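Trainee: Could we go through this model together, one question at a time?

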Amino acid sequence: MNFIFSQGPHPQRRATVRAFTLVEMMVATGLGVAVLAMVASLTVYTVRSFVAMGNYNDLERASSYALDTMSKEIRQTAFLESFTTNSIKFRMLNNAVLSYNYDPNAKTLTQTKGGNNQVLLEQCDFLNFNFYQRNPSNDFGFYPAAAPALVKLIDVSWRCSRQILGQKINTESVQTSKIVIRN
């Protein structure tokens, strides 16, 4: 083995600096922004979906509670005392008054029983009462009742909705039911 050692001054070493060129930097920045935009849009979509499911469950719970309450109370009334487009008033067996009032401006359905008010539905976009006699027609429909004394069947329908991030987006709950006055 032969080793050769150089005795003179070291040859000058040239310092090399490696860096991105402007074009490489712009491409990398563009790709980074595109990836961040995709992640942000996925996050917004996911949040919107979770909020929609929460709203839908809340609307469904409120609608079921309102429908159960109305069905139970109306079935136990003695008779329908009066009705209008947005309001119905019953006389209970104990002579107390039971009423349901829909306020389209406040978008609420309120039950009044014995002087106590309870809001059953909020953010209700539409509510409709239809009144029928008990006896069905030949085509299994029901005859409309012209006077409160003839009413034995009440058809109630409503649609409630919520907003997601300031926009009304597919969080509607539509309910409809026919309730018979049993007494």
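Predicted model: local features only at pLDDT ≥ 70, side-chain atom pairs only at ≥ 80, totals over all residues.

Trainee: In which strand does Thr112 lie?

Mentor: Besides Asn117, Thr112 touches Val97, Leu98, Ser99 and Asn101, not counting residues up to four places away in sequence, and contact here means heavy atoms within 4.5 Å. Strands (E, at least two residues) and helices (H or I, at least four) are DSSP runs numbered from the N terminus, and by that numbering Thr112 lies in strand E4.

Trainee: What is the order of the strands in the open sheet of five strands?

Mentor: Two strands pair if DSSP finds at least two bridges between them, and the pairing in this sheet is antiparallel. Strand E1 (77–83) and strand E5 (116–121) stand at the edges with a single partner strand each, so one side of each is left without a neighbour in the sheet. The twist averages 20 degrees from one strand to the next. The order is E1-E2-E3-E4-E5.

Trainee: Which residue in E3 stands opposite Phe90?

Mentor: Strand E2 (residues 87–92) and strand E3 (residues 97–103) run antiparallel and are joined by five bridges. Within E3, the residue opposite Phe90 is Leu98.

Trainee: At about what angle does helix H1 run to E5?

Mentor: Helix H1 (residues 22–75) lies across E1, E2, E3, strand E4 (108–113) and E5. Axes are lines fitted to C-alpha atoms, for helices over the stretch in contact, and angles run from 0 to 180 degrees between N-to-C directions. On that basis, H1 runs to E5 at about 130 degrees.

Trainee: How many aromatic pairs does a search of the whole structure find?

Mentor: Rings of Phe, Tyr and Trp (its six-membered ring) pair if their centres lie within 6.5 Å, and planes under 30 degrees apart count as stacked, over 60 as edge-to-face and the rest as tilted. Ring pairs link Phe83, Phe129 and Phe131 into a cluster. The search of the whole structure finds three.

Trainee: Is the pair of Phe129 and Phe131 stacked or edge-to-face?

Mentor: Both Phe129 and Phe131 are buried, meaning under 20% relative accessible area, with exposed over 50% and partly exposed in between (1.4 Å probe, protein chains only). Their rings are 6.4 Å apart centre to centre with 25 degrees between the planes, and the pair is stacked.

Trainee: How many residues apart in sequence are the parts that the pair of Tyr132 and Phe142 ties together?

Mentor: The pair of Tyr132 and Phe142 is tilted, at 6.4 Å centre to centre and 50 degrees between the planes. Tyr132 lies in strand E6 (residues 124–136) and Phe142 in strand E7 (residues 142–144), so the parts tied together are apart in sequence by ten residues.

Trainee: How many of the twelve residues of strand E8 are buried?

Mentor: E6 and E8 run antiparallel and are joined by eight bridges, and Phe131 stands opposite Ile154 in E8. Strand E8 (residues 153–164) is largely enclosed by the rest of the structure, because its buried residues number ten of the twelve.

Note on methods
Residues numbered from 1 in each chain as written. Heavy atoms only, no water.
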